[in-house]
Amino acid sequence: MSRLVSVDPPLMIEASGLRKSYGDFEAVKGIDVEVRKGEAFGFLGPNGAGKSSTMRMVAAVSPVTTGSLRILGMDPATQGSQIRARLGVCPQDDTLDNELSVFENLAVYGRYFGMSRRESAARTAELLDFVQLTERAKAKVETLSGGMKRRLTVARSLVNQPDLLLLDEPTTGLDPQARHQLWDRLFRLKQQGVTLVLTTHYMDEAEQLCDRLVVMDKGVIVAKGSPAELIVEHSTREVTELRFGVGEHEAMAAKVDDLAERVEVLPDRLLLYTDDGEAAAVAVHDRGLRPLSSLVRRATLEDVFLRLTGRSLAD
Amino acid sequence: MQLAPRLTDYWVTVFKRVWKGTVVTSFLTPFLFLAAMGVGLGSFIDDNAGPAALGGITYLAFIGPGLLATTAMQTAIFESTYPVMGAFKWHRSYFSMAATPLTPSDIVASQLGFIGFRIFVTCGVFLAVLAGFGALESWWGALVALAVSVLIGLAHATPMVGLTSRMHNEFGFALVFRLGLMPMFLFSGAFFPITQLPTVITWLAYLTPIWHGVDLMRMLTLGTIDGSAALLHVVYLGACVVAGWFYALSGFTRRLAL
């Protein structure tokens, strides 16, 4: 690349005042987002936050209700086909053809992008290797495990060597081992310079993969930044978790609320937000309080989300 | 619509998976029908009513083209129901196609192209069986009949694909088969001249595309072509294809855009 580029990498996605309505229901209520080339960008939020609706608009499939959206510098309303030619899309539900073989699923898909039969077959072999499915090339898709299907869907989204890869809930429903395998593949893509945009309701996934993210709730963006920035801005460094007997948490919260910057009461535990979790735990003990268990941990995006919305991500 | 050829490999892969079953059923069905109704019922009719009753032809020669036309219709309707619902709902392959440069019109066009091909194969086998029964007059007539079969099929497939794209489950298909397909099959004029029916029903039958298909097909296989009537049939069937195309396209565009 000897081309002159401006200081900032080019904008891959540019959305302002973006809205999406289905009848009376407004799924996305005016969001502003910018994603630059080479970034790994995340939409974090619970189910129903509007992440998937946003992704479908960015995928140039679902028309924008109001607001402006440019993807790869183009307008999805008029240049949808040209945009989609350069996107990779990994949808939330696997849309693989169960009755075709693993190889056929990819080889046929490459043809949709105008690749020659030979080109598509070569690319398929390369990608099956990348997602470690070469040995299953001839197997019917229905015989694959959930994790394998997901990897195959990711491989399919890479057939056209996309400039921008969209992943909607890439690891939902996978067991921990399958998740780590998939994350590893996504890391490699990121290192190769592919721009990643993903939605997730797993905070660990967002922390692992995203350079920058927005937290969405009920169709709006409630915070944006890097995972570390968001934690610094909206949480303390550490959290002390105290578990008392059932129904005692409200009462206990009153007895410890001066020991931390902030105390959250969850149905099954208390969260004490403080920069020194160990000291807080000791102070609780010194007051003669005996929680069933206590735990000091680093603050995570889960805490940020709780702070911003008053609800946990799993809801 | 210009990117539709990119879907050819997909349909070839699908066809490779199903062609054996297709050929067997498309051979057996007409064979059984022609044996039972054309030969069995036919010899009873011919012996008792005499050839004059059907304008000087045997019942087999009367029913052959009728069954060919209704086979085109049935193949078209079946291929436009469950497989289309599956591609929206069960394996969602239309959605994976829509995520690529392909547009809804590419997807509809290739789906209809595949249905047209299925009709071509099924009716081709049917014509071979008809030839085996000695009920074909000329080979060029058979070729034209094959082309007309595809036209008849598409006149039914385009609106049915459009209807399926608007349905959210498969339960409505039973209604389509019983209240739509079955009466059209029975009152298409394939088995008896519809002028035998009460006037109101005769006129209702004139409105169905399948009656036009049966009448046109019979002209072709019997060599009794009436130019203006044939033209009317072709125009009517063509109009159904065009109207059905726009109905299907709007259904796909809406459903794939969500």
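This is a predicted model: local features need pLDDT of at least 70, side-chain atom pairs count only at pLDDT 80 or more; totals for chains, interfaces and linings use all residues.
Residues are numbered from 1 along each chain as its sequence is written, and chains are lettered from A and ligands numbered from 1 in the order in which they are written.

Chain A is assigned domain 1 (11–225) and domain 2 (236–298), with bounds taken from an automatic or database domain assignment. The centres of these two domains of chain A, taken over C-alpha atoms, are separated by 40 Å.

Between the chains, 21 residues of chain A are in contact with 20 residues of chain B (C-beta atoms, placed from the backbone, within 7 Å). On the side of chain A that touches chain B, α2 (76–84) and α3 (102–112) each supply at least two residues; helices are DSSP runs of H or I with at least four residues, numbered from the N terminus. The most is given by α3(A), with four residues. This side of chain A comprises 10 nonpolar, five polar and six charged residues (nonpolar: Ala, Val, Leu, Ile, Met, Phe, Trp, Tyr, Cys and Pro; charged: Asp, Glu, Lys and Arg; polar: the others, Gly among them).

Within chain B, helices α1 (residues 8–49) and α2 (residues 59–79) pack at about 150°, with axes 9 Å apart (axes are lines fitted to C-alpha atoms over the stretch in contact, and angles run from 0 to 180 degrees between N-to-C directions). α1(B) and α2(B) are therefore roughly antiparallel, a term applied to angles over 145 degrees. The contact includes F33(B) and M37(B) of α1(B) and L60(B) and I63(B) of α2(B). Its residues divide into 11 nonpolar, four polar and one charged.

How values were computed. Angles under 35 degrees count as roughly parallel, over 145 as roughly antiparallel, 65 to 115 as roughly perpendicular and the rest as oblique. Two residues are in contact if their C-beta atoms, placed from the backbone, lie within 7 Å.
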